Amino acid sequence: MPDVMSQNVSPAPTMATERRRRAAEALSALVPGIRRDAMTTMESDEIDALIARFETHWPDLFEPLERLFATRADLTEVVTSIAGVIVEAASERPVALRRLDRRREIAPGWFADNTMVGYAAYADRFAGTLEEVAGQLDHLESLGVTYLHLLPVLEPRPGDDDGGYAVADYERIDPRLGTMEDLEKLAGAMRDRHMSLCIDLVVNHTAREHPWARAAAAGDPHYRDFYLFFEDRTLPDLYSETLVDVFPDNAPGNFTWSDEAGAWVWTTFHDFQWDLDHSNPDVFVELATVMTMLANRGVEVLRLDAVPFMWKEIGTGCQNLPPVHDLLQAYRAVLAIAAPAVITKAEAIVPPDELVRYLGAHEGHRRPECDMAYNNQLMVMLWSSVATRDARLAHAALSRMSPPPPTTTWATYVRCHDDIGWAVSDADAASVGVDAAAHRDFLNEFYAGEFRGSFGLGARFQHNPVTGDSRTSGSAAALCGIEQALDLLASATTTRETTTAQRFLDHGVRRLILLHAVTYGWGGVPLLWSGDEIASLNMHDWEKSPGRSDDNRWMHRPRLDWTAAAAAESDPESIPGRVLGSLRALAAARRETPGLSGGGTTTARLVHAPGGDVETRVLAWVRDHPRHGCLVGLANLSEFDLRLDGAVLHEAVSRDPGADHAERIVDILSGHRWSLGRPTVEMPHLTVRWLTDDI
Ligand code: OTU
């Protein structure tokens, strides 16, 4: 054994140092060339900064590229092209965005700050054109929104475009929404208000009308390699043995015969969405070019759509494979060097064990990957808990999830433009004595309004008669019981029926606010789905839109009703008024709660009733932030007023446990205070408390 304490002993190079050495060599071969040619438009301090970013992030780019492509392509060529893309993008980056880069490099946790509140919408359904979206920023500002996710805005194929998720041109805005200049203007107007623009980038597939797909179908060998073509069914059949159908109802199978291409083509989603072949480095270079172009227009967050499907291997489900993570790590590194103000958000709606990997937490190691990912597990568990009025499954599932790396954050949400897929894992369900498949069936029935006593009024999405699986569509307000209660109220003929309907209505409103109060207080960036701020009900005419009649997700993609929004504004006691007011208050409460910033940890808890039994009807969580102390969240899922053992107050004590000031624990949401000696804490039905130590 070499003695490290003695001199002149150099440690044996490990694999990691060897990789780093090779990465550094590759970079130093590139940097002098880069310095000379492409940076003529940059000031020398900017060149220095760019070189520093290259040096810092280069291994994070080089290593995944090596893992992905070394065996199938000339790595030097790949690396040289990608460095070229980065340098060109960096040298073209507008001054205002370079300033933003600098701010973000100083405050890299910006996107996980407690002041962040997100809003997601289709531009046209929210306001109209991009210019009209810019005209509605006051509404968003009043909701405390600092982050606006616009669903696909790039030019889609004509006709059915899966809500814009079939892109025909990555470089052009959908002409119905405006132009690239309009996008740039919108981003600028938002920046002036400290709001960040997020847009979708559909990376898994393009429309079959995309020029790459056109060229491929016409036989161009370069573009032929951009997609996955098969001459006959041999390989498709082999792959299909282990694949699932994402849209079994209206787009069964994963392969589509193309007459033009004279081949089967891989189509995970609809037949008009052709999966890109991400094992081809040219695809990587092209998409990296698109990303940096959008970054230079002022987009600050890229929602990378359907990323789990980006890599295929025979004998696997072709989801969540390790190279998917390499791709995401490499894309992130490209942006970190070219446009450090920009982050990526993974759209990976996957089982709980897979989720945190998209934030770069892999067994035994961490690598910078996406900065944000959707916490679909929290979303699913919230809907499950309000249906059962029981927190035990949520507690089990959420406790077992690995925490996100401290420099990353969740996007927490109640609803979005998609269906709800009931990601209830067998292990989590079994741990609380529940059969997972039976519970998923129950949730499907419950939220389709098929279960006796259910308050949910949605619909089944993509029922698969072979597997019996389905998912759920429906607006948050409808799933919470507001729609059903309004129907009951409309048909009530006796005072008794009216009173009951009114009580149900109140429960529905409370439930909707409760779900949001959990997502706003859990830790992560809450994303509000457009329309939910005014309790929009299901759309009833969605089937009439051409190309949409077989996709009931359109029932919960409302056109924002601005008349209703104005009415909500002037009547705070109305249903939309109560919801709007509560969401504003939640955003304000977040701003007052720095412990909700990135870097804290959230742990699900069970709490006790005064006698010492577990109070199963309360979902509890502790948000612990190393700098800003503790917050205890409590959500009473039931229609009954409950009391909890006062010991729960001690969970909120984070500093100076000795000081027993009177009334030191406060509920940030109601302003209610308790002293630590209090034997019980009241939990009114369907309410949330955020308790914190206030001395
Ligand atoms: C996404 O969703 C989009 O959000 C959908 O609106 C699109 O239709 C789809 O991609 C195709 O572009 O299966 O049911 O793990 O769950 O990509 C929705 C990710 C979906 C998938 C997700 C997909």
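In strand 27, Arg-689 is the bridge partner of Leu-634. The model in which this pair occurs is a predicted one.

The pairing of strand 22 (residues 629-636) with strand 27 is antiparallel and comprises five bridges. Strand 27 also pairs with strand 24 (residues 665-667), again in the antiparallel sense, over three bridges. In this second pairing, Ile-665 stands opposite Asp-693 of strand 27.

Strand 22 is joined in turn to strand 21 (residues 618-625) by eight bridges, and these two strands run antiparallel. Within strand 22, Asn-636 is the bridge partner of Val-618.

These strands belong to an open sheet of six strands with antiparallel pairing, whose order is 20-21-22-27-24-25. Its edge strands are strand 20 (601-605) and strand 25 (673-674), each of which pairs on one side only.

How many of the residues of strand 27 (residues 688-693) are buried? Six of its six residues are buried, and the strand is described as mostly covered. In a regular strand, side chains alternate between the two faces of the sheet. In strand 27, Val-688, Trp-690 and Thr-692 point one way, while Arg-689, Leu-691 and Asp-693 point the other way; all are buried.

Strand 8 is joined to strand 9 (residues 263-266) by four bridges, and the two run antiparallel.

**Asp-561 in its loop**

Asp-561 is located in the loop between strand 19 (525-529) and helix 22 (562-570). Is this residue, Asp-561, buried, partly exposed or exposed? Asp-561 is partly exposed, because its relative accessible area is 38%, a value that falls between the limits of 20% and 50%.

A polar atom of the Asp-561 side chain lies 3.1 Å from the backbone nitrogen of Thr-563. Asp-561 can also be placed relative to Gly-531: the two are 30 residues apart in sequence, and their C-alpha atoms are 7.7 Å apart in space.

**The ligand site**

Around the ligand there are 20 residues, of which Asp-162, Asp-305, Glu-347, Ile-349 and Asp-418 come nearest. By class, this shell is made up of nine nonpolar, three polar and eight charged residues.

| Residue | Side-chain atom | Distance to a ligand oxygen atom |
|---|---|---|
| Asp-162 | polar atom | 2.6 Å |
| Asp-305 | polar atom | 2.8 Å |
| Arg-553 | N or O atom | 3.1 Å |

Taken alone, the ligand exposes 490 Å², and the protein buries 95% of that area.

Key. Residues are numbered from 1 along each chain as its sequence is written. This is a predicted model: local features need pLDDT of at least 70, side-chain atom pairs count only at pLDDT 80 or more; totals for chains, interfaces and linings use all residues. Side-chain values use heavy atoms; hydrogens and water are left out. A residue is near a molecule or strand if one of its heavy atoms lies within 4 Å of it. A polar contact is a pair of N or O atoms within 3.5 Å; within protein, one must be able to donate a hydrogen and the other to accept it, and residues adjacent in sequence count only if both atoms are side-chain atoms. Accessible areas come from the Shrake-Rupley method with a 1.4 Å probe; for residues, only the protein chains shown count as cover. Ala, Val, Leu, Ile, Met, Phe, Trp, Tyr, Cys and Pro count as nonpolar, Asp, Glu, Lys and Arg as charged, and the others, Gly among them, as polar. Two strands pair if DSSP finds at least two bridges between them. Buried means under 20% relative accessible area, exposed over 50%, partly exposed in between (1.4 Å probe, protein chains only).
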